[in-house]
Amino acid sequence: QLSLVESGGGLVQPGKSVRLSCTTAGFNLDYYYIAWFRQAPGKERQGVSYINSSGLTTYYANSVKGRFTASRDNAKNTAYLQMNNLKPEDTGIYYCAARRIGTPGGTWDNPRIYTYWGQGTQVTVSS
């Protein structure tokens, strides 16, 4: 059974850092792209970052460039999102999503192109 589980969220003060993990099961992660999305209350799900199967290509939303870093360890079946200098507007539920190489694509931040999703982890940035 294929699954993704996010962890690492919580309450954090502005300016602090958090690292999210996306642990997968049933995947050979070598063959999957991973993206991170977030959803704030009353807002649409927004693409935050993308990392290709090898980890050599990454994309970021403009609002997080220079602060967030996506990485992955395929041997551990885990992807990560390092979030630094957090701001209150980064608050939301963070989801990781996976798409297999070769499946129909599109722009990396279109949630419709991802087949598998985790249940999400809440990140609240507040003093």
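A residue counts here as buried when its relative accessible area is under 20%, as exposed when that area is over 50%, and as partly exposed in between, with a 1.4 Å probe and protein chains only. By that rule C22 and C96 are both buried, and a disulfide joins C22 to C96. This is a predicted model, in which local features need pLDDT of at least 70 and side-chain atom pairs count only at pLDDT 80 or more, while totals for chains, interfaces and linings use all residues. Residues are numbered from 1 along each chain as its sequence is written, and side-chain values use heavy atoms, with hydrogens and water left out.

**Sheet**

- Four strands, in the order β1-β3-β8-β7, form an open sheet with antiparallel pairing, where strands are DSSP runs of E with at least two residues, numbered from the N terminus, and two strands pair if DSSP finds at least two bridges between them.
- The edges of this sheet are β1 (3–7) and β7 (68–73), each of which pairs on one side only.
- From one strand to the next the twist averages 15 degrees, with axes taken as lines fitted to C-alpha atoms and angles running from 0 to 180 degrees between N-to-C directions.
- Six bridges connect strand β3 (residues 18–25) with strand β8 (residues 78–83) in the antiparallel sense, and L20 stands opposite L81 in β8.

**Disulfide**

- The count comes to one disulfide, defined as a pair of cysteine sulfur atoms within 2.5 Å, and in the C22 to C96 pair the S to S distance is 2.1 Å.
- Because C22 lies in strand β3 and C96 in strand β9 (residues 92–100), the pair ties together parts that are 74 residues apart in sequence.
- The torsion about the S-S bond of C22 and C96 is about 70 degrees, and the disulfide is therefore right-handed.

**Salt bridges**

- There are two salt bridges, each requiring a side-chain nitrogen of Lys or Arg within 4 Å of a carboxyl oxygen of Asp or Glu.
- One of them brings together the side chains of D90 and R38 at 2.8 Å, N to O, linking the loop between β8 and β9, which holds D90, to R38 in strand β4 (residues 32–39), 52 residues apart.
- R67 also forms a salt bridge with D90, with the closest N and O atoms 2.8 Å apart, and this pair connects the loop between β6 (58–60) and β7, where R67 lies, to D90 across 23 residues.
- R38, R67 and D90 are thus linked in a network of salt bridges; R38 is buried, R67 is buried with a relative accessible area of 9%, and D90 counts as buried at 0% relative accessibility.
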